[in-house]
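Please walk me through this protein chain. Begin with the whole chain, then turn to single residues.

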Amino acid sequence: CEIGRYREEKSSNASAATACINCPSGWHQTSKGQTSCLPCTPGRFGQGARQSLCKVCPRNFFTEDVLQTKCQSCKTGEYTINQGAASCITCGAGKFGESFGTGCTNCPAGWFRADGHYEKDTCVQCKLGETTEFKGSTTCSKCGIGEYGNTPGNCTSCSGNTYQSDKGSTNCNDCTTKGIGYIHNE
């Protein structure tokens, strides 16, 4: 029998003993002249009869059992490290899942996802007066000195003739309100 087929070694039916049979879906055979087929193992699948090799599940898809005929996509907020996976892993802190089978994406600037955050498909926006230092952050930090929070998750530098000496502020102070002014030389 050719690759992808087998012949039963012992059979009560005379025609079955001489006929080659296609390996069914979920099974494969890599060698000629075999008496049985081999099961597709976790992380692989056999779609259709007469497979010489089981196919490998692509990244962010998996099979956890033998004899599978198709791969399942990871749930939103889950991913696989490589192709041929037998299970999915939950997105870590600073990352979220956008949809089934797409893996994980870094939270955008101004948004975060802490370790253990129960919602795997969302990030949390930083409060007014806070932002993140980079994409994929796990926490927010206060706006720095010389900045203010004009919208949640966003810090902006104070404009001319204003200042901010405190972190996490939501506005800038006018230089003239505290007696701080410009010295005018003539």
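This is a predicted model: local features need pLDDT of at least 70, side-chain atom pairs count only at pLDDT 80 or more; totals for chains, interfaces and linings use all residues.

Residues are numbered from 1 along each chain as its sequence is written, and side-chain values use heavy atoms, with hydrogens and water left out.

Start with the outline. The C-alpha atoms of the chain fill a box of roughly 115 × 35 × 15 Å along the principal axes. The radius of gyration of the chain is 31 Å, whereas a compact globule of 186 residues would have one near 16 Å. That radius is taken over C-alpha atoms, and the globule rule is 2.2 Å times the number of residues to the power 0.38.

The chain has 1 helix and 20 strands. Helices (H or I, at least four residues) and strands (E, at least two) are DSSP runs, numbered from the N terminus. Buried residues make up 28% of the 186 residues. Buried means under 20% relative accessible area, exposed means over 50%, and partly exposed lies in between (1.4 Å probe, protein chains only).

Now look at His28. This residue lies in strand E3, residues 27–28. Is His28 buried or exposed? His28 has a relative accessible area of 11%, so it counts as buried. Beyond residues up to four places away in sequence, His28 touches several others, including Cys23, Cys37, Cys40 and Cys54. Such a contact means heavy atoms within 4.5 Å.

Move on to a charged pair. A search of the whole structure finds 1 salt bridge. The term means a side-chain nitrogen of Lys or Arg within 4 Å of a carboxyl oxygen of Asp or Glu. Glu78 forms a salt bridge with Lys120, and their closest N and O atoms are 3.2 Å apart. The pair links distant parts of the chain, 42 residues apart. Glu78 is in strand E9 (78–79), while Lys120 is in the loop between strands E13 (111–112) and E14 (124–125). Glu78 is buried, at 15% relative accessible area. Lys120 is partly exposed, at 25%.

Finish at Glu147, which sits in strand E17, residues 147–151. Glu147 is partly exposed, because its relative accessible area is 25%. Leaving aside neighbours within four places in sequence, Glu147 is in contact with Cys155, Thr156, Ser157, Cys158 and Gln164. How far is Glu147 from Asp65? Their C-alpha atoms are separated by 55 Å, and the two are 82 residues apart along the chain.
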